[in-house]
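Here is a note for a colleague who is meeting this structure for the first time. Please read the points with the structure open beside them.

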Amino acid sequence: VFPLLDAYFDPPPGQCITGNSFDFTAGGTFQNGTQFSWDFAPSGTPLTSNAQSPQGISYPAPGTYGVTVTYVGQGCTRTYTDSVDVFPLPTINMDIDGGAGCEPYGVYFNNSSTQSGSALQYVWDFGDGTMSTEATPFHIYQNPGLYDVTLTAYSLDGCIDTLVLSRPDLILVKPSPVAAITANPLVTDVLNPQVMVTNESTGALSCQLHWGVGDTIFGCQQTYNYIYTDSGTYGITQIVINEFGCPDTAIVKVRINPIVTFYAPNAFTPNGDGDNDGFRVYGEGIKDFELLIYTRWGQKVFESNNIFEEWNGTLFNKGGAVAADGVFVYAVYFTTVFGEKQAYRGKVVLLRGDRMQNGN
């Protein structure tokens, strides 16, 4: 009783299409007198072999080829199949999107090279003193000029080769103007809302100045003046373009502050004649407001968080008898639009209308 045959072979490493020649050796387990049948069809040269270790098998084109060996001996048959790789010659090619632009000019390089065996290694020379080993790099040209680009591709196994592709004058970088403005003052208020902008751009053929409120001035004049009608922070934007059509932008921010004012009258006459019937305080730039009014003995008679609400002289504005003539004390607390907390205290005189009419 003979042992089972064990058909096997180690596939040789892949080879380049140029001069490919593969050697095979039957392995596994077999007895003396075992016959071997190798099948390299349909493309191998030769197509078949009965040698235990056939040599010099070649293939006409790149690809992956199946190889089968059959063992026959002592009434047993065993077959084993594996494959070998034939690598194509590498190719080198590249292209770019565009090719001309304004500084700084970013270029994406499309690498359409083909590999053989393992991946190709790359070295890019962008022509401006910088290099890259990425397969498909993105590069920014910082200065104007005309640049040559060279791509070198090389393989370390398979079809070992070094390929070089040079593209002279591939990249044209056009000069850009320089936008620059200054504003004076940078911070002012609604009482003095005029801002002067000085044009400090260079290399500009045309200019635009946007004031941040929808108004635009065209022309490259030396100075510009504008009067803002409301408080706020405004971005003043300058856009300049040179003779190559290249733009540049500069932005400066100015702040127009609101003003903070406070005023409280010192008397009121709640007689219903429509003239000075209530007491309230006045101001601008005020938020988080609170008004408290007390008698001289510390009794609270009114409070409000609405700066526009008047005290009509009755207890908490609920109607009824008007408070007696006399002096009342008020306290006002608020936060300004700048976030500053303020407190004011004062006195207000309540005078009945009939006494005013009697001349008392």
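1. Basis of the note. The model is a predicted one, in which local features need pLDDT of at least 70 and side-chain atom pairs count only at pLDDT 80 or more, while totals for chains, interfaces and linings use all residues. Residues are numbered from 1 along each chain as its sequence is written, and side-chain values use heavy atoms, with hydrogens and water left out.

2. Disulfides overall. A search of the whole structure finds three disulfides, a disulfide being a pair of cysteine sulfur atoms within 2.5 Å. When the bonded cysteines are counted along the chain, the pattern is 1-3, 2-6, 4-5.

3. The link of C16 and C159. These two cysteines are joined with an S to S distance of 2.1 Å, and the disulfide is right-handed because the torsion about its S-S bond is about 100°. The pair links distant parts of the chain, 143 residues apart, with C16 in strand β2 (residues 15-16) and C159 in the loop between β14 (145-154) and β15 (162-174); strands here are DSSP runs (E, at least two residues), numbered from the N terminus. C16 has a relative accessibility of 13% and so counts as buried, and C159 is buried with a relative accessible area of 1%, where buried means under 20% relative accessible area, exposed over 50% and partly exposed in between (1.4 Å probe, protein chains only).

4. The link of C102 and C246. A disulfide joins C102 to C246, S to S 2.0 Å, and with a torsion of about -85° about the S-S bond this disulfide is left-handed. Here too the pair links distant parts of the chain, since C102 is in strand β9 (residues 100-102) and C246 in the loop between β22 (232-241) and β23 (247-257), 144 residues apart. Both C102 and C246 are buried.

5. The link of C207 and C220. The sulfur atoms of C207 and C220 lie 1.9 Å apart in a disulfide, which is right-handed, with 100° about the S-S bond. C207 lies in strand β19 (residues 206-210) and C220 in the loop between β20 (216-218) and β21 (223-227), so the link ties together parts that are 13 residues apart in sequence. C207 is buried, at a relative accessible area of 3%, whereas C220 is partly exposed, at 37%.

6. Strand β4 and its partners. Strands are taken to pair if DSSP finds at least two bridges between them. β4 pairs in the antiparallel sense with strand β6 (residues 63-73) over five bridges, and with strand β5 (residues 48-49), again in the antiparallel sense, over two bridges.

7. A nonpolar patch. Y108, F138 and I140 make a nonpolar surface patch of about 300 Å². Y108 is found in strand β10 (residues 105-111) and is partly exposed, with a relative accessible area of 36%. Patches are made of residues with over 30% relative accessible area and no salt bridge, with like charges joined within 9 Å and nonpolar side chains (Val, Leu, Ile, Met, Phe, Trp, Tyr) within 5 Å; a salt bridge is a side-chain nitrogen of Lys or Arg within 4 Å of a carboxyl oxygen of Asp or Glu.

Conventions:
Helix = DSSP H or I, 4+ residues; strand = E, 2+ residues; numbered from the N terminus. Areas by Shrake-Rupley, 256 points an atom, 1.4 Å probe, with all protein chains shown as cover.
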